[in-house]
Amino acid sequence: METTLTGFIALYIVMLATFTGIEIIGRVPAILHTPLMSGSNFVHGIVVVGALYALLNATNPTQQVIGFIGVLLGAGNAAGGYVVTKRMLEMFKASHR
């Protein structure tokens with residue numbers, strides 16, 4: 001049995017995920033945004049796996065381009081999260097005077 005996301009179902013899922021993300025991040029105080037982002041790097045890994053799945057199942061060049069862009073953006077987002085985490089942890093190190 002194969003499940004296929006087409007048309008309005010795929011659009012509905014994207015809209016629902018977008019609305020949920022905006023609601024969750026919108027309710028987080030500004031002081032917690034950086035720790036929240038650094039603590040959720042694993043989510044970016046899940047995005048990369050999903051984009052790889054989409055890329056591997058692409059059947060035409062348009063789908064391949066979209067899958068490649070998804071993998072590229074997901075990997076960049078994950079790497080950026082680790083860079084921000086490293087910079088944030090550097091701020092908490094004791095200064096040597």
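What share of the 97 residues of the protein counts as buried? I found that 15% do, where buried means under 20% relative accessible area, exposed over 50% and partly exposed in between (1.4 Å probe, protein chains only).

Basis of the entries. I worked from a predicted model, in which local features need pLDDT of at least 70, side-chain atom pairs count only at pLDDT 80 or more, and totals for chains, interfaces and linings use all residues. Residues are numbered from 1 along each chain as its sequence is written, and side-chain values use heavy atoms, with hydrogens and water left out.

Overall fold. I counted 4 helices and 0 strands, following the pattern α-α-α-α along the sequence; helices (H or I, at least four residues) and strands (E, at least two) are DSSP runs, numbered from the N terminus.

Helix 4. I compared its length with expectation: the 31 residues should span 45 Å at 1.5 Å a residue, and the end C-alpha atoms of helix 4 are 45 Å apart, which agrees. The expected span is 1.5 Å times one less than the number of residues. I listed the buried residues of helix 4 as Gly67, Val71, Gly74, Ala78, Gly81, Thr85 and Met88. An α-helix has 3.6 residues a turn, so residues three or four places apart point the same way.

Leu72. I located Leu72 in helix 4 (residues 61-91). Leu72 counts as exposed because its relative accessibility is 52%.

Contacts. I noted that, among contacts (heavy atoms within 4.5 Å) between residues at least 6 apart in sequence, 56% join residues at least 24 apart.
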